[in-house]
Amino acid sequence: MNRQMILFAMCLACIAICGARIALAQQETGTASTSPAPSAVNAATFNELLNRVGITTEFGRQVPLDTPFVDSSGQHVDFGDCIVGRPTILHLVYYQCPMLCKLSTDGLLSTLATISLKIGKDFSVITVSFDPRDTPEISARARQLAGERCGHNAVERGWQFLTGDQSAISAVTNAVGFRYTYDEATRQFAHPAGIFVLTPEGKVSRFLSGTDYSPRDLRMALVEASSGKIGSTIDHALLLCYMYDPTVGRYGLAIVSIMRAAGLVTVGTLALAILTMIRRDRNRRVDTDNAPLSSAPDAASS
């Protein structure tokens, strides 16, 4: 079972626990629901949900920049206005998620607090709720939390928290390949976890899966999305040694590339050594040819 399956199972477990609590409360008040208990989710239901949940990212696909949303202050903004010509982290959550979104948000906040690239200077962040019932008042609380963890000035310069109607939400989630579904029985969303990295033009560049994001992976993804316009020389060198693996949403050591580079270095070193030896041998011959001949011995006196 891969990481994505484990996270999805955690989400379903959370849904089941929440549903069980609702059912228990209804029984205590004499208003038991006629819908099946979430704890009775069988394999068929799990497979059905799984078929509707996941990531089918198509790298290079354009996110519609003119999609209208509402920011945490209640102002209408277009999605493209929040990118501001910088590589951008796109975080899809719903603000009232009981578990998985909170874990993903905490993981992102922890990673952003450790990397040296600056929000609002080197990159932007956009958090979008995929629950059309979420309101700007709810997103404002999420913005406040981000400000406390990453600095209010940084959030003010480059982090937007958006809500919108279903058509706007679908435009973005479909563009990045984020598939989720709403379970009427439990009144919760089943969804994957991760963050998308967009280019300054709003095209999908990378997806980092899970709820814990390696500072190295996030930094390289941002540098790569910027086409080398941000980051240090070391970052660009690391991109030669590490390769993005879309199957796990992580950067891994590029063994083949390193072996090729090592092979080229070895061949170059051998070639240099051979040329040096040839040059030394040639210089020795020249010195020998130019050496003065020793005088013939004087004839023996009679």
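The model is predicted: local features need pLDDT of at least 70, side-chain atom pairs count only at pLDDT 80 or more, and totals for chains, interfaces and linings use all residues. Residues are numbered from 1 along each chain as its sequence is written, and side-chain values use heavy atoms, leaving out hydrogens and water.

Start with confidence. pLDDT is the predictor's confidence in each residue, on a scale from 0 to 100. The protein chain averages 80, and 70% of the residues score at least 70. Residues 15–41 fall below 50. In the model, that stretch has 20 contacts beyond near neighbours in sequence. A contact here means heavy atoms within 4.5 Å.

Next, the core. A nonpolar core is a set of buried Ala, Val, Leu, Ile, Met, Phe, Trp, Tyr and Cys residues joined through side-chain atoms within 4.5 Å. Buried means under 20% relative accessible area, exposed means over 50%, and partly exposed lies in between (1.4 Å probe, protein chains only). The largest nonpolar core holds 60 residues. Phe79, Leu90, Leu112, Trp159 and Leu218 touch the most other members. Helix α7, residues 215–225, gives the most to this core, with six residues. Helices (H or I, at least four residues) and strands (E, at least two) are DSSP runs, numbered from the N terminus.

What does Trp159 touch, not counting residues up to four places away in sequence? Its partners include Leu108, Leu109, Leu112, Ile119, Val125 and Ile126. Arg143 and Cys150 are also among them.

Now the rings. A pair of aromatic rings is described by the distance of the centres and the angle of the planes. Rings of Phe, Tyr and Trp (its six-membered ring) pair if their centres lie within 6.5 Å; planes under 30 degrees apart count as stacked, over 60 as edge-to-face and the rest as tilted. The structure holds 12 aromatic pairs. One of them joins Phe69 and Phe79, tilted, at 6.4 Å centre to centre and 55° between the planes. This pair links distant parts of the chain, 10 residues apart. Phe69 sits in strand β2 (residues 68–70), and Phe79 in the loop between β3 (76–78) and β4 (88–93). Both are buried: Phe69 at 2% relative accessibility, Phe79 at 0%.

Tyr180 and Phe189 form another tilted pair, with ring centres 5.8 Å apart and planes at 55°. Tyr180 counts as buried at 18%, and Phe189 is buried at 7%. These two belong to a cluster linked by ring pairs, together with Tyr94, Phe130, Phe178, Tyr182, Phe196 and Phe207.

A charge can also sit over a ring, if NZ of Lys or CZ of Arg is within 6 Å of the ring centre and within 35 degrees of the ring normal. Arg206 does this over the face of Phe59, at 5.5 Å from the ring centre.

Turn to Ser72. This residue lies in the loop between β2 and β3. Ser72 is buried, at 14% relative accessible area. Beyond residues up to four places away in sequence, Ser72 touches Pro136, Ser139, Ala140, Arg143 and Phe161. Arg143 is 71 residues along the chain from Ser72, yet their C-alpha atoms are separated by 7.4 Å.

For Cys97, the nearest cysteine sulfur is that of Cys101, 3.4 Å away. That is too far for a bond. Cys97 counts as buried at 3% relative accessibility, and Cys101 counts as buried at 4%.

Technical notes
A disulfide is a pair of cysteine sulfur atoms within 2.5 Å.
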